[in-house]
Amino acid sequence: MSYMPICNSDEIGERSMKMFNVDHTEVLVGRLHGRVFACNNSCPHRGASLVKGELKGDNVVCWMHGYEYDVFTGNLQNMKSWKKENTWMEQSSEWRKSGDLILYPSIEKEGTIYVCL
Amino acid sequence: MSNPQSPKGNVPNVVALEVLRKNGIDIDKLIKLVTAGVGAEFTTYYYYTILRMHCTGLEGEGIKEIVEDARIEDRNHFEAMVPRLYELGGSLPRDIRKFADQAGCPDAYLPDNWEDINSILKVLLEAEQCAIRSWGEVCDMTAGKDPRTYDIAQRIMQEEVEHEAWFIELLSKRPSGHFRRKFPGQSPHTGSQGSLVHL
């Protein structure tokens, strides 16, 4: 496993995230509770760009359908929709299916964030 | 058994795709986004047909024509982008069920309280807003890298933005710059795209 330097630590403030293109792979890097995380920028549900979403608790919320994934475990946590009153439960189970986030190991050392693809 | 979707002969090097790769486009991801986008247009066309049928009574008849414009134009979006999907090396799923399951937007189901015309308008608005997000992803991915896909996607986007404005205006009475199409499903932006020879 080889870690690649992605950015300076001060580029990723608390509760923020930023997308980087690494060898044709879009990598989302963020920070929650002082801890750095890295994952693929593509939403496992329909491929939307996660950097356009927002952070809520330990989750990244996709802007397209409101799917929420834990940024540290990668697990799908919630599929509440932007419809506010309803959830996607009314949709067919096949449409609702989603994998988990693709996570990348990340470390922070001497003012630099490193990610291993 | 051979895959019926596979080409029968050898496909030579496609320069139009080579250029995209050199520009940094992940073609497999683009194909997924485009397939999801045309899936949403096709299913929306289907569900809008049901919604339009339920636009009755004094209020319903008042919006029926505008629902029809959006319905036919969404079908036109499917027609406009599908040829590009095949050029990119993608294809429509052989089974329409699979096509619907991977659509980029949820099904625009007829609401239970459809007699309240606002409930139908809300479904229409949500569907248009999802389409804007869906084509926005394609536009963002292709801008400055894939002018052909970008051109079609941005034309679709323009009409989806107009559709969103129509339904927002109907729901909120926001002042409107919109008057009317020349004929149902005119598609002023995508009309010259894809296989829309009937327009």
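This briefing covers a sheet in chain A, two helix pairs in chain B and the contact between the chains. The model is predicted. In chain A, three strands form an open antiparallel sheet. In chain B, helix H6 (residues 147-172) packs with H5(B) and with helix H3 (residues 57-87).

**Sheet in chain A**
- The strand order in the open sheet is E2-E3-E4.
- E2 and strand E4 (35-40) of chain A each have a single partner strand and stand at the edges, so one side of each lacks a neighbour in the sheet.
- On average, and with direction ignored, neighbouring strands of this sheet are turned by 25 degrees against each other.
- Seven bridges join strand E2 (residues 16-22) of chain A to strand E3 (residues 25-32) of chain A, in the antiparallel sense.
- Bridge partners across this pair include A:Phe20 with A:Val27 and A:Val22 with A:Thr25.
- E2(A) and E3(A) form a hairpin with two residues between them, and A:Asp23 in the turn has a positive phi of about 50 degrees.

**H5 and H6 of chain B**
- The axes of H5(B) and H6(B) come within 8 Å and cross at roughly 155 degrees.
- Because angles over 145 degrees count as roughly antiparallel, H5(B) is roughly antiparallel to H6(B).
- The crossing of these two helices, H5(B) and H6(B), is left-handed.
- Their contact has 17 nonpolar, seven polar and three charged residues.

**H3 and H6 of chain B**
- H3(B) and H6(B) pack with their axes 10 Å apart, at an angle of about 165 degrees.
- H3(B) and H6(B) are therefore roughly antiparallel to each other.
- The crossing of H3(B) and H6(B) is left-handed.
- From H3(B), the contact is made by B:Ile63, B:Ile66, B:Ala70, B:Glu73, B:His77, B:Ala80, B:Met81 and B:Arg84.
- From H6(B), the contributors are B:Arg148, B:Thr149, B:Ile152, B:Ile156, B:Glu159, B:His163, B:Trp166 and B:Leu170.
- By class, the contact of H3(B) with H6(B) has nine nonpolar, three polar and four charged residues.

**Contact between the chains**
- In chain B, 16 residues are in contact with 15 residues of chain A.
- Helix H2 (27-53) and helix H5 (117-142) of chain B are the elements that give two or more residues to the side of chain B that touches chain A.
- This side of chain B has nine charged, five nonpolar and two polar residues.

Technical notes
Residues are numbered from 1 along each chain as its sequence is written. Chains are lettered from A and ligands numbered from 1 in the order in which they are written. This is a predicted model: local features need pLDDT of at least 70, side-chain atom pairs count only at pLDDT 80 or more; totals for chains, interfaces and linings use all residues. Two residues are in contact if their C-beta atoms, placed from the backbone, lie within 7 Å. Helices (H or I, at least four residues) and strands (E, at least two) are DSSP runs, numbered from the N terminus. Ala, Val, Leu, Ile, Met, Phe, Trp, Tyr, Cys and Pro count as nonpolar, Asp, Glu, Lys and Arg as charged, and the others, Gly among them, as polar. Two strands pair if DSSP finds at least two bridges between them. Axes are lines fitted to C-alpha atoms, for helices over the stretch in contact, and angles run from 0 to 180 degrees between N-to-C directions. Angles under 35 degrees count as roughly parallel, over 145 as roughly antiparallel, 65 to 115 as roughly perpendicular and the rest as oblique. A crossing is left-handed if the near helix is turned anticlockwise from the far one by less than a right angle, and right-handed if clockwise.
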